[in-house]
Amino acid sequence: ARVGELSSSEDRPADSAQQFGFAAVASTLGTSSDVDACVTLATSIDHLIEQAAASLEADGAGIACRKGCNFCCHLRVMLFPHEAIALFRYLGSRMPKEQANVVRQRLLSHHAVNQACAFLVDGQCSAYEARPAACSGYHSRSKEKCEESDNNGGNLPAGIPVVKALGFDAAA
């Protein structure tokens, strides 16, 4: 390879994440599309993102997100079908019945922008183990900017500085 060229697609982080995504889908939804396969896929992707976040944090990425911080839980996120199925399974089998009923009611009435996620209960994600990749892949570098955005109805012209690599992993 010439100087500046990569010798293979495996050398590029985005390609590695995409290869992991393809392999994860092939080993789960590629063999079955039942509820358990959806849960397994969502969990596998979440673990990959958690490992990447820990590695980036250890390398000094400056991730501001901490337990109890939930400003991002007011952002609207898009779900893949397997993530919706995993959340549905979690809601029906892993949450206490009273809490699940509260979340169900919130889901039915959830329509406003900058409204807290229906799964945000007592300031924490009640479905953390089954959260979508868009949630696990979102890591801010500034708690202050997140708070400012939340206080301004989700509008922050300069945006929130995020760790883009984790977003790429989540999207892949």
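**Exercise 1. A loop residue**

Asp 122 lies in the loop between β1 (120-121) and β2, where strands are DSSP runs of E with at least two residues and helices are runs of H or I with at least four, all numbered from the N terminus. This is a predicted model, in which local features need pLDDT of at least 70, side-chain atom pairs count only at pLDDT 80 or more, and totals for chains, interfaces and linings use all residues. Residues are numbered from 1 along each chain as its sequence is written, and side-chain values use heavy atoms, with hydrogens and water left out.

Task: Is Asp 122 buried or exposed?

Solution: 
- Step 1: start with the cut-offs, which are under 20% relative accessible area for buried, over 50% for exposed and in between for partly exposed (1.4 Å probe, protein chains only).
- Step 2: Asp 122 has 78% relative accessibility, so it counts as exposed.
- Step 3: turn to the backbone. The phi of Asp 122 is positive, about 50°, although the residue is not a glycine.

**Exercise 2. The overall layout**

Task: How many helices and strands does the protein have, and in what order do the elements run?

Solution: 
- Step 1: count the elements. There are seven helices and two strands.
- Step 2: read them from the N terminus, which gives α-α-α-α-β-β-α-α-α.
- Step 3: Of the 172 residues, 31% count as buried.
- Step 4: look at the contacts (heavy atoms within 4.5 Å). Among those between residues at least 6 apart in sequence, 64% join residues at least 24 apart.

**Exercise 3. Charged pairs**

Side chains of opposite charge can pair when their charged atoms come close.

Task: How many salt bridges are there, and which residues are linked in a network of them?

Solution: 
- Step 1: a salt bridge is a side-chain nitrogen of Lys or Arg within 4 Å of a carboxyl oxygen of Asp or Glu. The count comes to six.
- Step 2: one of them joins Asp 36 and Arg 89, 2.7 Å from N to O. The pair links distant parts of the chain, with Asp 36 in helix α2 and Arg 89 in helix α3, 53 residues apart.
- Step 3: Arg 131 forms a salt bridge with Glu 50, the closest N and O atoms being 3.4 Å apart. Arg 131 lies in the loop between β2 (124-125) and α5, and Glu 50 in helix α2, so the pair ties together parts 81 residues apart in sequence.
- Step 4: Arg 131 counts as buried at 9% relative accessibility, whereas Glu 50 is partly exposed at 32%.
- Step 5: the network links Asp 46, Glu 50 and Arg 131.
- Step 6: Arg 131 also lies over the face of Tyr 128, at 3.7 Å from the ring centre; the rule asks for NZ of Lys or CZ of Arg within 6 Å of the ring centre and within 35 degrees of the ring normal.
- Step 7: Glu 148 and Lys 145 form a salt bridge at 4.0 Å. Both lie in helix α6 (residues 143-151), three residues apart, about one turn of the helix.
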